[in-house]
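Visitor: Could you walk me through this protein, starting with its surface and then moving inward?
Guide: Gladly; have a look at it first.

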Amino acid sequence: MSQLTTQTTPESPAGGAPRRGLSNLVGWRRVLVLAAVGLVVVSLTRVITGADDMSSSGALIAALALAAPIALAGLGGLWSERAGVVNIGLEGMMIMGTWGAAFFAVHYGAWAGVLGAIMMGVIGGAIHALATVIFGVDHIVSGVALNLLGAGAAAYLATRTFTETGGTQSPSLPELPRLTITPLSDALADVEQGGVFILADVASVLRALVTNLSVLTVIVVLLLVATWWILWRTAFGLRLRSCGESPVAAETLGVNVIRYKFMAVLVSGGLAGLGGGFLAMVASNLYREGQTGGRGYIGLAAMIFGNWRPGGLAAGAGLFGYADTVNLRGGGNIVRAYLLPFGVFLLLWGLWALWRRRNGQRVVGVVSAVTAVVVLVWFMVSSTFPRELTGMTPYLATLIVLAFASQRLRMPKADGLVYRKGEAS
């Protein structure tokens with residue numbers, strides 16, 4: 001009894017002080033505050049550098065489309081790891097979802113494609129759950145195997161089912177409904193084109209939310225909210241999270257740990273498969289080989305950045321989706337513009353570390369300050385960012401964010417540990 005209380009008190013909805021650090025930092029309210037601060041920084045950078053496309057509604061619409069599959073993959077990882085099962089097989093489940101969406105959409109319609117993507121992801125989740133939860137296979141080994149299996153299975157199935165296009169891609173898929181509030185979109189477009197500081201950027205954000213918005217994007221937002229409510233506001237969610245914190249203590253209280261872990265991994269697979277379906281049906285309107293491009297791993301990084309919470313995960317997915325958009329739009333001038341706030345941030349970070357005068361902080365301060373000078377000089381002497389390096393933007397953003405956030409993260413305590421039924425006795 002005392003063990004379960006100790007393990008779950010930091011996040012228990014029944015009471016108790018909320019855990020300090022990043023778990024508070026990535027709450028829904030704080031996410032909104034950080035988003036507002038980020039918008040101010042982007043607006044200032046846009047005005048100073050003249051890189052207008054960095055906050056244009058077109059770029060933000062594309063960023064939403066690219067953030068949604070990352071968010072779905074991250075949600076899949078969150079469900080699994082909150083129950084104590086590490087799932088690095090998200091990439092393979094997404095790949096299976098891309099084929100499932102394309103096959104069922106071609107033959108049975110758009111909404112059947114959505115269900116097909118979920119079903120293929122659930123199959124991948126069932127394989128991972130069977131290996132890790134039932135047979136006790138190492139979670140990392142099972143995840144790597146699933147990534148290889150998913151890629152191979154999708155390539156084989158595509159070759160067998162999409163013969164008219166050579167097997168490497170599908171025919172064009174039927175489209176899901178899209179939402180546009182035309183009068184509001186047109187009014188916001190006029191404000192955006194005015195280019196006024198902050199006002200134009202706010203108009204761009206709002207216009208992106210009411211223009212050519214896929215219904216599946218709305219479903220992704222609802223899934224984020226539903227995940228938060230289920231896992232943190234219901235008895236089911238408390239039991240599932242207890243399996244990831246202390247499965248032995250949960251078992252002593254009558255929780256069927258095996259069942260909860262298995263269900264969590266199935267949900268994880270379904271969400272990741274839906275992420276792959278989003279890429280096929282919304283982002284590109286067809287299946288093609290190699291379509292996920294490592295977004296399953298980026299979704300895992302977004303989950304870690306969000307400290308295993310939906311609010312922070314949404315912020316991370318938005319950041320990585322935006323970085324991906326910059327890459328796809330060939331935004332060398334945009335990346336170059338971001339060198340300015342990044343250099344200023346590093347300089348302030350370094351000065352703060354030197355001011356603290358703690359052991360080890362001086363080295364961090366000096367390195368940060370020197371790096372800041374290099375970045376700022378690069379910004380001043382360059383006119384654009386090299387195209388070869390622009391392609392690395394999503395992955396560099398992932399590494400940088402995790403590097404700064406890693407010191408304040410807290411994963412579920414039993415995450416990745418093999419559990420055997422009856423260990424409590």
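**A walk through the model**

Guide: V373, V377, W378, M380, V381, L389, M392, L396, L399 and I400 make up a nonpolar patch on the surface, and together they have about 900 Å² of accessible area. A patch here joins nonpolar side chains (Val, Leu, Ile, Met, Phe, Trp, Tyr) within 5 Å, or like charges within 9 Å, from residues with over 30% relative accessible area and no salt bridge. Areas come from the Shrake-Rupley method with a 1.4 Å probe, and for residues only the protein chains shown count as cover.

A note on reading the model: it is predicted, so local features need pLDDT of at least 70 and side-chain atom pairs count only at pLDDT 80 or more, while totals for chains, interfaces and linings use all residues. Residues are numbered from 1 along each chain as its sequence is written, and side-chain values use heavy atoms, with hydrogens and water left out.

Visitor: Which element gives the most to the nonpolar patch?
Guide: Helices (H or I, at least four residues) and strands (E, at least two) are DSSP runs, numbered from the N terminus. W378 is found in one of these helices, α17. With 5 residues, the element that gives the most to the patch is α17.

Visitor: Is W378 buried, exposed or partly exposed, and what is its relative accessible area?
Guide: Buried means under 20% relative accessible area, exposed over 50%, and partly exposed in between (1.4 Å probe, protein chains only). W378 is partly exposed, because its relative accessible area is 33%.

Visitor: How many salt bridges does a search of the whole structure find?
Guide: Side chains of opposite charge can pair when their charged atoms come close. A salt bridge is a side-chain nitrogen of Lys or Arg within 4 Å of a carboxyl oxygen of Asp or Glu. For the whole structure, the search gives a count of 5.

Visitor: How many residues apart in sequence are the parts that E245 and R82 tie together?
Guide: The side chains of E245 and R82 meet in a salt bridge (3.9 Å, N to O). E245 lies in helix α11 (residues 235-245) and R82 in helix α4 (residues 57-82), so the separation in sequence is 163 residues.

Visitor: Which residues are linked in a network of salt bridges?
Guide: E245 also meets R410 through their side chains (2.8 Å, N to O). R410 lies in the segment after α19, so its pairing with E245 in α11 ties together parts that are 165 residues apart in sequence. E245 counts as buried because its relative accessible area is 5%, and R410 is buried too, at 9%. The linked residues are R82, E245 and R410.

Visitor: How many of the 19 residues of α5 are buried?
Guide: The end C-alpha atoms of helix α5 (residues 90-108) are 26 Å apart, which agrees with the 27 Å it should span at 1.5 Å a residue; the expected span is 1.5 Å times one less than the number of residues. The helix is largely enclosed by the rest of the structure, because the number of its residues that are buried is 16.

Visitor: Over which residues does pLDDT stay under 50?
Guide: pLDDT is the predictor's confidence in each residue, from 0 to 100. The chain averages 86, and 90% of the residues score at least 70. Where pLDDT is low, the predicted coordinates should not be read in detail. The stretch under 50 is residues 1-26.

Conventions
Contact means heavy atoms within 4.5 Å.
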